Amino acid sequence: MMNQNTTYPAAAIETIVHTKNENGEDVPSHGYFSYAQAVKKQNGTIKPVLSPMMHVNLTPEEIQQEQSQQQEEPLHDQIQGVLSQMMFTSRFIGRCMFDGKDYGEGKIIGRYMVASELIYEKPGGMMSFAEVNEILSQFADFEFILEYGLVPYKNIWEDIEVRSKVLSNLNIKRSSGKVQKALSPLFKGLRYSKTNQKICVPMSFNNEDSESVAHHKKYSKNSETGEYYWNSDPTELQKGIYLKDFLEQNPQIDVFIKFENPLTKYKTQADIFTHVNPHRAQELIDLNKYYSTRLTKFAEEKIIPSFEGIDPSRYSISVYQV
């Protein structure tokens with residue numbers, strides 16, 4: 001059984017920049033230009049994780065040594081290392097965040113971690129990885145979900161067209177008792193509150209209900225992928241409401257949560273990884289089992305209790321088993 005890694009809080013790195021004033025005098029100024037974070041690995045050692053901007057002071061030999069060590073790390077440590085970099089807003093061009101190898105510009109895939117908008121402002125939450133490691137990005141999503149107690153909308157309504165309709169024209173009850181129209185952000189999801197031990201739903205609305213703020217809509221198409229970009233009615237306020245209140249105020253909505261087996265759903269990605277890394281095939285299988293166990297525990301201890309008092313026909317939680 002793998003041990004869950006521990007991520008320590010990020011720390012800003014203070015820098016002193018020397019500039020000249022109008023009289024030609026040297027004037028030091030203080031600022032924060034990057035971040036560093038420490039991750040406790042499976043073997044108990046502490047690994048420092050630095051923003052790419054922090055590597056400017058490393059020698060080529062030190063960078064090569066760091067990359068070599070990263071390539072030999074257990075897959076779970078690689079995933080944890082990627083998560084620790086999500087608040088960084090800089091990335092190495094052409095370098096995979098999982099194995100640390102340089103694949104070259106144009107050979108790296110970039111995407112945001114699922115429901116990352118619940119935690120980070122863009123460009124925070126962006127993963128960049130080589131095609132061979134794309135399957136690891138699916139497990140990184142799981143680690144992110146478990147770290148922050150999330151249920152991404154993608155795991156409820158995967159089809160974006162369906163999701164846009166479900167999350168539009170919603171009802172929200174204000175503290176005054178007034179019910180008005182609202183929407184829930186397309187690329188966010190539900191979040192478990194450790195403080196209140198309940199699941200919350202993010203909602204967006206205006207202070208006054210005089211204007212419609214109820215719709216998500218497509219506004220342009222990506223010529224390369226064929227996918228659409230989405231826009232939403234502008235809003236002034238955001239609020240998290242408890243899941244039970246959300247379902248009571250929106251009786252037309254049912255919530256069927258599904259966590260699927262990545263090695264089945266993304267079989268092509270898994271096959272590419274094991275073809276290039278046959279010595280890590282069993283490790284990938286073990287990783288899959290590890291997340292199945294943790295997601296099952298998350299569902300049983302956090303998600304299911306949040307539906308207490310809700311008609312059982314309106315929800316379900318399914319976690320893959322191996």
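Author: Among contacts in the protein between residues at least 6 apart in sequence, 65% join residues at least 24 apart. This is a predicted model, where local features need pLDDT of at least 70, side-chain atom pairs count only at pLDDT 80 or more, and totals for chains, interfaces and linings use all residues. Residues are numbered from 1 along each chain as its sequence is written, and side-chain values use heavy atoms, with hydrogens and water left out.

Reader: How many helices and strands does the protein have?

Author: Eight helices and 16 strands, taken as DSSP runs (helices H or I, at least four residues; strands E, at least two) and numbered from the N terminus.

Reader: What makes helix α3 mostly covered?

Author: Buried means under 20% relative accessible area, with exposed over 50% and partly exposed in between (1.4 Å probe, protein chains only). In α3, 12 of 15 residues are buried, including Phe139, Asp141, Phe142 and Glu143. For the protein, buried residues make up 44% of the 322 residues.

Reader: How do you know that the length of α3 agrees with what a helix should span?

Author: The expected span is 1.5 Å times one less than the number of residues. For the 15 residues of α3 (residues 134-148) that should be 21 Å, and the end C-alpha atoms are 22 Å apart, so the two agree. After α3 comes Gly149, with a positive phi near 65°.

Reader: Why is α2 called oblique to α8?

Author: Axes are lines fitted to C-alpha atoms, for helices over the stretch in contact, and angles run from 0 to 180 degrees between N-to-C directions. Under 35 degrees is roughly parallel, over 145 roughly antiparallel, 65 to 115 roughly perpendicular, and the rest oblique. Helix α2 (residues 75-83) and helix α8 (residues 281-303) cross at roughly 60°, so they're oblique. Leu75, His76 and Ile79 of α2 meet α8 residues, among them Leu284, Leu287 and Tyr291.

Reader: And what angle do α3 and α7 pack at?

Author: About 120°, with axes 7 Å apart, which makes α3 oblique to α7. Glu134, Ile135, Leu136 and Gln138 of α3 make that contact with Gln269, Ala270 and Phe273 of α7.

Reader: Which residues have the most contacts inside the largest nonpolar core?

Author: Phe98, Phe139, Phe246, Leu284, Tyr291 and Ile303, in a core of 66 residues. Such a core is a set of buried Ala, Val, Leu, Ile, Met, Phe, Trp, Tyr and Cys residues joined through side-chain atoms within 4.5 Å. Tyr291 touches His76 and Ile79, as well as Phe139 and Phe142, among others.

Key: Contact = heavy atoms within 4.5 Å. Lists of a residue's contacts leave out its neighbours within four places in sequence.
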